[in-house]
Amino acid sequence: MFGANAEFFQISGEQLASGRLLNPLDGLEQRKVMLLGEKVRKVLIGDSAALGRYVQVKGVFFRVVGTFTNTGNNGRNEERAFVPFTTLQTTFN
């Protein structure tokens, strides 16, 4: 799991597969939302729809708002999940 802000996705190469990217309000309001890479989605959720589902990380639930693909790093970039950076900071200190 990585912390990111809305501007990160303009330069990082992730292509939205479903839902939406993280937006500035997610960070300002420290929302517990998550953007999943396709490989992570398949492991955690399987073939079911991911949008609106909740993923638990260290006892904290995050709502999935989008999924992405990224073929960089031999496909390893799809093994990532992103949450708003400010949420990551305050939730996990």
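Valine 43 lies in helix 3, which spans residues 38-44, and with a relative accessible area of 70% this valine is exposed, where exposed means over 50% relative accessible area, buried means under 20% and partly exposed lies in between, with a 1.4 Å probe and protein chains only. The model is a predicted one, in which local features need pLDDT of at least 70 and side-chain atom pairs count only at pLDDT 80 or more, while totals for chains, interfaces and linings use all residues. Residues are numbered from 1 along each chain as its sequence is written, and side-chain values use heavy atoms, with hydrogens and water left out.

**Overall fold**

- The chain has four helices and six strands, which are DSSP runs numbered from the N terminus, a helix being H or I with at least four residues and a strand being E with at least two.
- Along the sequence, these elements follow the pattern β-α-β-α-β-α-β-β-β-α.
- The radius of gyration is 12 Å, close to the 12 Å that the globule rule gives for 93 residues, so the chain is as compact as a globular protein of that length; the radius is taken over C-alpha atoms, and the rule is 2.2 Å times the number of residues to the power 0.38.
- Taken along the principal axes, the C-alpha atoms fill a box of roughly 30 × 30 × 20 Å.
- Of the 93 residues in the chain, 37% count as buried.
- Among contacts between residues at least 6 apart in sequence, 68% join residues at least 24 apart, a contact meaning heavy atoms within 4.5 Å.
- The accessible surface of the chain comes to about 5500 Å², and 50% of this area belongs to carbon and sulfur atoms, as computed by the Shrake-Rupley method with a 1.4 Å probe, where for residues only the protein chains shown count as cover.

**Strand pairing**

- Strand 3 (residues 33-37) runs parallel to strand 5, to which five bridges join it, and antiparallel to strand 6, to which two bridges join it; two strands pair if DSSP finds at least two bridges between them.
- Strand 1 (residues 2-4) pairs with strand 6 (residues 81-84) in the parallel sense over three bridges, and alanine 4 stands opposite proline 84 in strand 6.

**Strand 3 and its two sides**

- Five of the five residues of strand 3 are buried, so this strand is largely enclosed by the rest of the structure.
- Val33, Leu35 and Gly37 point one way from strand 3, whereas Met34 and Leu36 point the other way.
- In a regular strand, the side chains alternate between the two faces of the sheet.

**Nonpolar cores**

- The largest nonpolar core has 11 residues, among them Met34, Leu36, Val40, Ile45, Ala50 and Val64; such a core is a set of buried Ala, Val, Leu, Ile, Met, Phe, Trp, Tyr and Cys residues joined through side-chain atoms within 4.5 Å.
- Strand 3, strand 5 and strand 6 are the elements that give two or more residues to this core, and the largest share, three residues, comes from strand 5.
- A second, separate core of eight residues includes Phe9, Val33, Leu35 and Phe68.

**Selected residues**

- Valine 64 is found in strand 5 (residues 60-69) and counts as buried, because its relative accessibility is 1%.
- Leaving aside neighbours within four places in sequence, alanine 50 is in contact with Arg41, Ile45, Val64 and Thr67.
- Asparagine 77 lies in the loop between strand 5 and strand 6, and at 12% relative accessibility this asparagine counts as buried.
- A polar contact of 3.4 Å joins the side chains of asparagine 77 and arginine 80, a polar contact being a pair of N or O atoms within 3.5 Å; within protein, one atom must be able to donate a hydrogen and the other to accept it, and residues adjacent in sequence count only if both atoms are side-chain atoms.
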